[in-house]
Amino acid sequence: MAANAPGENLKINGDRLWDSLMEMAKIGPGVAGGNNRQTLTDADGEGRALFQKWCENAGCEMGLDQIGNMFARREGTDPDALPVYVGSHLDTQPTGGKYDGVLGVLGGLEIIRSMNDLGIKTKHPIVVTNWTNEEGTRFAPAMLASGVFAGIHTQDWAEDRTDAEGKRFGDELDRIGWRGEEEVGARKMHAFFELHIEQGPILEAEDKEIGVVTHGQGLSWTQVTVTGKDAHTGSTPMPMRKNAGLGMARILDLVDEIAWSHKPHAVGAAGHIDVHPNSRNVIPGKVVFTVDFRSPELSVIEDMESRLRAGAKAICDEMGLEVEFEKVGGFDPVAFDEGCVGAVRAAAERLGYSHRDLISGAGHDACWINRVAPTAMVMCPCVDGLSHNEAEEISPEWAEKGANVLFHAVVETAEVVG
């Protein structure tokens with residue numbers, strides 16, 4: 001056990017955490033048991049107000065930056081020590097669940113409440129964070145405000161993002177009254193921890209209680225346009241066809257083969273496909289589709305991109321088709337800080353929880369914050385791996401154990417005094 005590691009009997013109040021999750025879920029209810037608390041809506045503002053009230057009741061001082069990120073601070077004994085940050089997001093998908101993001105924010109709050117109950121003091125302050133617009137549903141892209149904080153996006157660019165109705169991010173932030181005066185990204189961190197549901201099936205399938213997230217997958221989106229010739233499906237002889245749809249099918253088979261060649265962590269598929277003219281009795285003359293490759297290793301992503309381009313061109317050349325490629329999105333893989341990851345792993349072991357290393361297939365605020373501070377993530381299982389769905393579900397026990405690991409990792413990193 002590390003010198004300043006908390007004892008294995010140190011636990012959060014699981015019932016209070018669950019009650020807080022259920023209370024927050026009453027704000028912005030969905031139509032099927034989940035939540036619709038999209039960023040910068042009135043419901044988002046109401047959820048923020050409840051979070052602020054709870055934090056202030058726990059003795060924290062709330063900070064707010066110019067893009068709406070919230071920072072609830074519990075003081076440490078050393079005024080010069082950099083704070084340990086912990087948190088996630090309160091915004092949801094339009095048909096979102098009650099736990100995605102929210103567990104990480106309220107799990108952080110529960111750490112503060114439990115420290116108060118137990119009279120624990122730390123050298124470093126602890127700050128619970130709610131990042132604005134993690135989901136990116138209403139205002140693309142995802143992880144927008146943490147991206148501004150980490151210097152990925154400019155504040156002006158972020159504030160000019162518009163929703164489907166043409167409303168600006170900056171205007172909506174002002175409308176709900178959650179713009180602060182603090183410069184975005186001015187804060188310095190000792191470390192950052194994020195608790196999240198897995199959003200995948202691995203932990204539940206393997207009966208593991210905790211996921212120790214070591215990496216975040218990188219992503220590459222390549223839009224592929226294959227052009228052939230529209231022709232009648234009944235009267236065009238097989239040797240005379242330039243079937244763009246068939247070319248796409250062969251390329252998608254190649255995509256699957258490429259992803260499998262880098263198993264077990266690489267994945268690949270096409271989720272967005274447009275077929276033209278998309279008529280029952282016309283051979284497709286043009287298809288446009290986006291290939292999504294992901295891996296925790298940059299060299300693997302680069303290899304998959306290269307093989308896609310070379311292989312697709314060879315397929316199309318043989319079939320008399322034209323092909324064009326455009327890189328339309330992506331970000332590099334994330335390797336989380338070894339020290340912070342070690343603190344999470346040690347906490348799970350100290351508490352006697354079954355655990356395994358995980359690579360996050362989804363993007364999280366922690367992926368951007370990792371650019372500016374030592375960072376790690378804790379994950380708990382979710383039923384059937386289902387997320388971004390109102391049927392998203394976890395158990396109170398999973399929530400409690402995830403928060404206990406978070407508690408130990410954060411308190412150890414913040415250095416217990418006395």
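1. Ser-20 is in contact with Trp-54, Leu-106 and Arg-113, leaving aside its neighbours within four places in sequence; contact means heavy atoms within 4.5 Å. Ser-20 sits in helix α1 (residues 14-24). Helices (H or I, at least four residues) and strands (E, at least two) are DSSP runs, numbered from the N terminus. At 6% relative accessibility, Ser-20 counts as buried; buried means under 20% relative accessible area, exposed over 50%, and partly exposed in between (1.4 Å probe, protein chains only).

2. The model is predicted: local features need pLDDT of at least 70 and side-chain atom pairs count only at pLDDT 80 or more, whereas totals for chains, interfaces and linings use all residues. Residues are numbered from 1 along each chain as its sequence is written, and side-chain values use heavy atoms, with hydrogens and water left out.

3. The protein chain is divided into domain 1 (14-216 + 333-417) and domain 2 (218-331), with bounds that come from an automatic or database domain assignment. The C-alpha centres of domain 1 and domain 2 lie 37 Å apart. Across the boundary, 6 residues of domain 1 are in contact with 9 residues of domain 2.

4. UniProt places the feature "domain: Peptidase M20 dimerisation" (unreviewed entry) at residues 217-313. UniProt positions are given in the numbering used here, feature names are shortened, and annotations may be inferred rather than shown by experiment. Over residues 217-313 the chain is 35% helix and 35% strand, with 27 Å between the end C-alpha atoms.

5. The largest pocket holds about 980 Å³ of space. On a 1 Å grid over the protein atoms alone, a cavity is a set of points where a 1.4 Å probe fits but cannot get out, and a pocket is an open set with protein on both sides within 12 Å along at least five of seven lines; lining residues have an atom within 4 Å of a point. Grid points are joined across faces, edges and corners, and a volume is the space filled by probe spheres set on the points. Of the 40 residues that line the largest pocket, Arg-294, Phe-331, Gly-361, Ala-362 and Gly-363 are the closest to its centre. The elements that give two or more residues to this lining are β8 (218-227), β13 (322-331) and β15 (355-360).

6. The lining of the largest pocket draws at least three residues from each of domain 1 and domain 2. By class, this lining has 17 nonpolar, 17 polar and 6 charged residues. Here Ala, Val, Leu, Ile, Met, Phe, Trp, Tyr, Cys and Pro count as nonpolar, Asp, Glu, Lys and Arg as charged, and the others, Gly among them, as polar.

7. The UniProt annotation "binding site" (unreviewed entry) covers His-89, Asp-100 and His-196. They span 108 residues in sequence, yet no two of their C-alpha atoms are more than 9.8 Å apart, so they gather at one spot. The lining of the largest pocket takes in His-89, Asp-100 and His-196.

8. UniProt also lists Asp-100, Glu-135 and His-388 for "binding site" (unreviewed entry). These span 289 residues in sequence, yet no two of their C-alpha atoms are more than 9.6 Å apart, so they gather at one spot. Asp-100, Glu-135 and His-388 are included in the lining of the largest pocket.

9. Asp-100 lies in the loop between β3 (84-88) and α3 (102-118) and, at 5% relative accessibility, counts as buried. Not counting residues up to four places away in sequence, Asp-100 touches several residues, including His-89, Glu-135, His-196 and His-388.

10. His-196 belongs to strand β6 (residues 191-197) and is buried, with a relative accessible area of 0%. Leaving aside neighbours within four places in sequence, the contacts of His-196 include Ser-88, His-89, Asp-100, His-364 and Cys-380.

11. Lys-208 is found in the loop between α7 (202-205) and β7 (210-216). With a relative accessible area of 27%, Lys-208 is partly exposed. Not counting residues up to four places away in sequence, Lys-208 touches Leu-203, Ser-354, His-355, Arg-356 and Pro-381. The C-alpha atoms of Lys-208 and Trp-398 are separated by 9.9 Å, although these residues are 190 residues apart along the chain.
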